[in-house]
Amino acid sequence: MIVVVGVMRFFFLLFVMLISATHLFAADFSFHQQQGTRQGSTLLVIGGIDGDEPGGFHAAATLVTHYQVQRGNLWIVPNLNFESILKRQRGNMNLKFASISKHDHQYQQVQQIKKIITQPQVDLILNLHDGSGFYHPERINSQRNPNRWGQSCVIDQSRIENVRFGNLEHLAEIIIQQINSKTSTQGQNFLLKNMHTATDRKAIAAKKSLSYFAVRNQKPCLSVEASKTHSVSLRTYYHLLALEATMQQMGIHFTRDFQLTPQGVKQIIKDDAVLALVGGRVQLELNNMRTTIKNFPLPETGTPKFTANNPLITLLPADNRYRIHYGNNRLAFINPHFVDLDRSIDSVKMVIDGMLQSVSFGSIVPVKKNFLVKEQQGYRVNVVGFSKPGHPNDGHLPISHAQLKQSYSIDKAGQLYRVEIYRNERFSGMILVDFRQKSVRKEPLIARIHPINLESDQQYN
Ligand SMILES: [Zn+2]
């Protein structure tokens with residue numbers, strides 16, 4: 001019987017980011033728009049204005065990968081200061097919204113986000129941050145006082161007159177109440193922090209911020225600050241509670257494909273860690289990867305094109321090799337072995353634990369006992385980590401986990417191995433054999449991305 005292993009093959013989305021070395025220091029953010037089938041309000045969500053606040057940008061990215069809007073619209077910029085995210089630095093983009101020099105290397109990004117914020121369709125903006133300690137209006141101790149930011153919903157002023165959702169204080173209070181109704185741990189409750197940016201002479205930094213730019217342009221904006229005391233996934237969870245409460249208040253209907261619990265959020269951040277290369281002929285799972293993947297077949301055409309559902313995943317040149325990044329996480333180096341491509345086949349037949357299957361390139365196939373790649377005239381099979389003297393071709397041999405050299409695996413645990421197919425010296429595709437015995441991965445949702453094409457070239461002040 002032939003079973004098509006199609007579930008594991010992803011439908012890669014349109015989000016392809018090409019970042020050349022020269023481009024690195026002005027890495028562009030991505031802009032995703034979800035439009036419901038029913039009309040409604042538009043929420044703009046911004047993550048990653050500060051590059052070292054991963055709770056906020058993982059939450060925004062999760063909206064792209066695991067949420068679907070039915071009514072209303074969700075606009076998402078998950079990685080606004082992508083350059084700083086990749087460098088694992090805060091950056092100072094949030095001080096550039098009152099004035100910015102045309103020579104500033106982030107000038108283009110700041111102008112673009114200003115254009116998005118001021119689009120007539122945008123009803124409300126949610127700006128996601130991770131803040132230190134715990135905000136409290138009175139000083140309790142060094143971690144819990146008025147100068148801390150964590151677990152707060154921040155507004156610049158109580159209200160913007162004559163604007164929908166302009167009652168910022170009221171809206172923030174409802175959102176805070178909803179977050180706190182899901183929080184059982186004492187001392188984790190969110191509180192309202194009103195900066196009184198326009199009238200407080202001490203609010204110098206706040207006057208230069210994105211949120212105050214929005215407010216000055218009659219756009220309601222709330223900032224959410226999850227505490228840096230928490231793990232990244234727990235911060236992401238709090239941000240998602242705030243996002244869902246906000247969408248509810250705006251009448252935006254949505255579905256998600258996971259359980260909104262701290263554990264559920266931790267799992268989807270892991271599930272999203274997938275990168276595809278060579279037009280989907282190669283797919284890598286990025287969890288628990290080795291520091292360096294050697295001798296990796298890649299076409300020699302500048303920086304390799306890649307696709308990833310999650311907009312925080314990217315591949316950057318690093319000397320004569322490439323490095324995979326996922327948000328603030330710097331993952332494996334890939335040492336390329338440059339090859340020409342063969343496109344004559346898209347799959348091979350394999351016997352996996354005794355069952356004959358047709359396996360597409362780019363698949364990650366679970367194996368319990370052993371696997372065998374069927375020999376095909378003119379093609380050579382290279383199972384990386386397996387060698388049998390006198391056998392230049394690893395096809396047609398049953399191979400078990402014990403026969404593979406652990407140091408050649410993709411993952412640190414020695415359970416994920418490369419099977420590469422060549423036609424003469426041309427590379428046809430790769431399959432990963434997975435001895436981890438875990439359940440089959442669910443297919444991720446396809447995210448949508450639209451190019452930024454906003455007409456007005458107006459300047460803001
Ligand atoms: Zn911040």
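I take helices (H or I, at least four residues) and strands (E, at least two) as DSSP runs, numbered from the N terminus. My residue numbers start from 1 along each chain as its sequence is written. The model is predicted, so local features need pLDDT of at least 70 and side-chain atom pairs count only at pLDDT 80 or more, while totals for chains, interfaces and linings use all residues.

**Entry: asparagine 295**

I looked up asparagine 295 and found it in strand S14 (residues 292-299). Its phi is near 55°, a positive value in a residue other than glycine. Most residues other than glycine have a negative phi. I then checked burial. I call a residue buried if 20 or more other C-beta atoms lie within 10 Å of its own, exposed if 12 or fewer, and partly exposed in between, with C-beta atoms placed from the backbone. Asparagine 295 is partly exposed, because 13 other C-beta atoms lie within 10 Å.

**Entry: asparagine 424**

Where does asparagine 424 lie? I found it in the loop between S25 and strand S26 (426-434). Phi of asparagine 424 is near 50°, again a positive value in a residue other than glycine. Asparagine 424 is exposed, because 9 other C-beta atoms lie within 10 Å.

**Entry: arginine 418**

Is arginine 418 buried or exposed? It is buried, because 21 other C-beta atoms lie within 10 Å. For contacts I require the C-beta atoms of two residues, placed from the backbone, to lie within 7 Å. Leaving out residues up to four places away in sequence, arginine 418 touches Val384, Ile410, Met430 and Leu432. I also checked glycine 385, which is 33 residues from arginine 418 along the chain. Their C-alpha atoms are separated by 8.1 Å.

**Entry: the whole chain**

I counted eight helices and 26 strands in the protein chain. Of its 461 residues, 45% are buried. Among contacts with a separation of 6 or more, 70% join residues 24 or more positions apart.

**Entry: helix H8**

Which residues of helix H8 (residues 262-271) are buried? I found Val265, Ile268 and Ile269. They cover an arc of only 105° around the axis, so they sit on the same side of H8. That arc is taken from the directions from the helix axis to the C-beta atoms. The buried residues of H8 pack against helix H1 (54-66) and helix H7 (232-250).

**Entry: H7 with H8**

The axes of H7 and H8 come within 9 Å and cross at roughly 110°. H7 is therefore roughly perpendicular to H8. Angles under 35 degrees count as roughly parallel, over 145 as roughly antiparallel, 65 to 115 as roughly perpendicular and the rest as oblique. In the contact, H7 supplies Ser233, Leu234, Thr236, Tyr237 and Leu240, and H8 supplies Pro262, Val265, Lys266 and Ile269.

**Entry: H4 with H7**

Helix H4 (residues 168-181) packs with H7 at an angle of about 130°, and their axes are 9 Å apart. H4 and H7 are therefore oblique to each other. On the H4 side I found Leu171, Ile174, Ile175, Gln178 and Ile179. They meet Tyr238, Leu241, Ala242, Ala245, Thr246 and Gln249 in H7.

Note on methods. Axes are lines fitted to C-alpha atoms, for helices over the stretch in contact, and angles run from 0 to 180 degrees between N-to-C directions.
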